[in-house]
Amino acid sequence: MAATDGQQFPPPKVLTYPASAPPLLVTQGAEGRLYKTTHLAPNRPCALKYRPPKPYRHPILDARLTKARISSEAKVLERCWREGVPVPAVYAMDPAAGWMMMEWIEGIPARVGINKLLGDRREEEEEEDAEAPLPETCETLLADLMRRIGAAIGALHKTGVVHGDLTTSNMMLRPRRRGYGNGSGADGDGDDAEVLKGDVVLIDFGLATQSMSDEDRAVDLYVLERAFASTHPRAERLFATVLEAYKETFKKASSVLVKLEDVRMRGRKRSMLG
Amino acid sequence: MALERLDLEHIPPSYQIYTAFFRDVSNADFLYAQLLSRNSEFEYAFIDASSVISRLHLFSAIYSAVNVLLDGNLRTPNVHSEIVVSLNINNNIADAYRRWGITPSKTKDLVVVKVVPTSNAQDESSTTIQTQQAVWEHLSQQVQGTPTPLTDDELAKTTDWPKVRKYYRLNGVPALDRVADEQDKRKQSEKLAIMGMALRGL
């Protein structure tokens, strides 16, 4: 994921002006690139999302799509932030130029945190099947994280936003400011355990839409369920805890969960035609 | 000299940015009249300090205005008025001047921003390059007030929070209402204000 050789693409114009440190290309997606850079001051890190022009599209259409997508992502982030859903704040943007600066979220993706914990176990127990019970401390930690993930998604859906690409890679575990540094046990996985206690922050709203429909919300959950099963097969059972917390945070969850049953039966796409 | 040179990230060296802060300004009417008459010697962003939250808040507006200048998309006469407009969360220019700009007989504390193109700027209006010394001499002669260091602490003293909350639609925001600590709440309010400015007109 982390590519350090940022020179293979020309950076957007906004990043060609001098700063205390050169921008770092963090990741590249199908539609855009993410740089780590600074906003106004050297001690204020930010993430810059850039959607470069697509040469295969007609320039007028390309400009319009880029502008609309950056704008809609920013609007969704603002809406979430106002409602108290944990997402990065927007710092600055130029929709016409295709970039947006956002708050840099410290920490690691939930995917990495979970796999670190499970991975360490795997080494010790060697080649046990996925159904083997996890040690109790590990189980409690993960269950607690699942609850916080479910609560974050519940809060998101409550504001009328569906994420569109929920995976454990699009959730950051931000170290807590308060109480940080206590509770790291003397045992070997003290650090991994501490990491899992971070605050869940949802990121990458590039595919997000504003929707109140049960169908869209159910698909959101389904996408995460499938992603979860393939990224963390050993923790698949724990997904039920996500849904449990989701239900507690979000009043209208029950009809979404009913819909989720339908979605599971037929898959993400509503229509099998075309 | 109480004129601070700002060194902001991602600003090309073709522009120098200076700021100053004056408390208890007594000639706001005169300064306002210079802006109205488009007196070219008074190309400054005169900002009413009561609607400024912090340095970060001010710098966000400067950064946004300079970006617009670099793209050649100014919607107002110059980069200085653009800074005032950038503090707004909508595209109403008159509103922005009234809310964040200098107001006769009202403005007591004044934040001043000056953007000076340097030799390599491709700005046709730049005939002579003003030095920091020259800018300060002119300002300190023309603004009747007490020069004050532009720090977050000093700015906090003059911030009119009820006004700021109204301008940035911070009343009844769930994310703010659940914050108990006053210091944290201000930090969050600042974030929301900056976000509102970034999303101006969307």
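Residues are numbered from 1 along each chain as its sequence is written, and chains are lettered from A, with ligands numbered from 1, in the order in which they are written. Because the model is predicted, local features need pLDDT of at least 70 and side-chain atom pairs count only at pLDDT 80 or more, whereas totals for chains, interfaces and linings use all residues; side-chain values use heavy atoms, with hydrogens and water left out.

Chain B contains 9 helices and 5 strands, where helices (H or I, at least four residues) and strands (E, at least two) are DSSP runs numbered from the N terminus. Along the sequence these elements are arranged as β-β-α-β-α-α-α-β-α-β-α-α-α-α. Of the 202 residues in chain B, 53% are buried, with buried denoting under 20% relative accessible area, exposed over 50%, and partly exposed the range in between (1.4 Å probe, protein chains only). When contacts (heavy atoms within 4.5 Å) between residues of chain B at least 6 apart in sequence are considered, 75% of them join residues at least 24 apart.

The interface between the two chains brings 32 residues of chain A into contact with 30 residues of chain B. The size of an interface is often given as the accessible area lost when the parts come together. Buried area is taken here as the accessible area (1.4 Å probe) that two parts lose on being put together, summed over both; for chain A and chain B it is about 2700 Å², with 62% contributed by carbon and sulfur atoms. On the side of chain A, the residues that lose the most area to chain B are A:Leu40, A:Trp81 and A:Arg82, which together give 30% of what that side buries.

Between chain A and chain B, 11 residue pairs are in polar contact, both residues being at pLDDT 80 or more; a polar contact is a pair of N or O atoms within 3.5 Å, of which, within protein, one must be able to donate a hydrogen and the other to accept it, and residues adjacent in sequence count only if both atoms are side-chain atoms. The elements of chain A that each supply at least two residues of the side touching chain B are β2 (33-38), α1 (59-83), β4 (90-94) and β5 (99-103), and α1(A) gives the most, with 7 residues. That side of chain A divides into 17 nonpolar, 6 polar and 9 charged residues, where Ala, Val, Leu, Ile, Met, Phe, Trp, Tyr, Cys and Pro count as nonpolar, Asp, Glu, Lys and Arg as charged, and the others, Gly among them, as polar.

A salt bridge is assigned where a side-chain nitrogen of Lys or Arg lies within 4 Å of a carboxyl oxygen of Asp or Glu. Over all chains, 22 salt bridges are found. One of these pairs crosses between chains, from A:Glu103 in strand β5 of chain A to B:Lys191 in helix α9 (residues 182-198) of chain B, with the closest N and O atoms 2.8 Å apart; A:Glu103 is buried, at a relative accessible area of 10%. The interface of chain A and chain B holds 2 salt bridges.

Within chain B, B:Glu190 and B:Lys187 form a salt bridge whose closest N and O atoms are 3.0 Å apart; the two residues lie 3 residues apart in helix α9 and are therefore separated by about one helical turn. B:Glu190 counts as buried at 5% relative accessibility. In B:Lys157 and B:Glu154, the closest N and O atoms of the salt bridge are 3.1 Å apart, and this pair is likewise 3 residues apart, in helix α6 (residues 152-158). B:Lys157 is exposed, with a relative accessible area of 57%, whereas B:Glu154 is buried at 18%. Both belong to a network of salt bridges that links B:Arg23, B:Asp109, B:Glu154 and B:Lys157.

A:Gly150, in helix α3 (residues 136-158) of chain A, is buried with a relative accessible area of 0%. The C-alpha atoms of A:Gly150 and A:Val242 are separated by 4.2 Å, although the residues are 92 apart along the chain.
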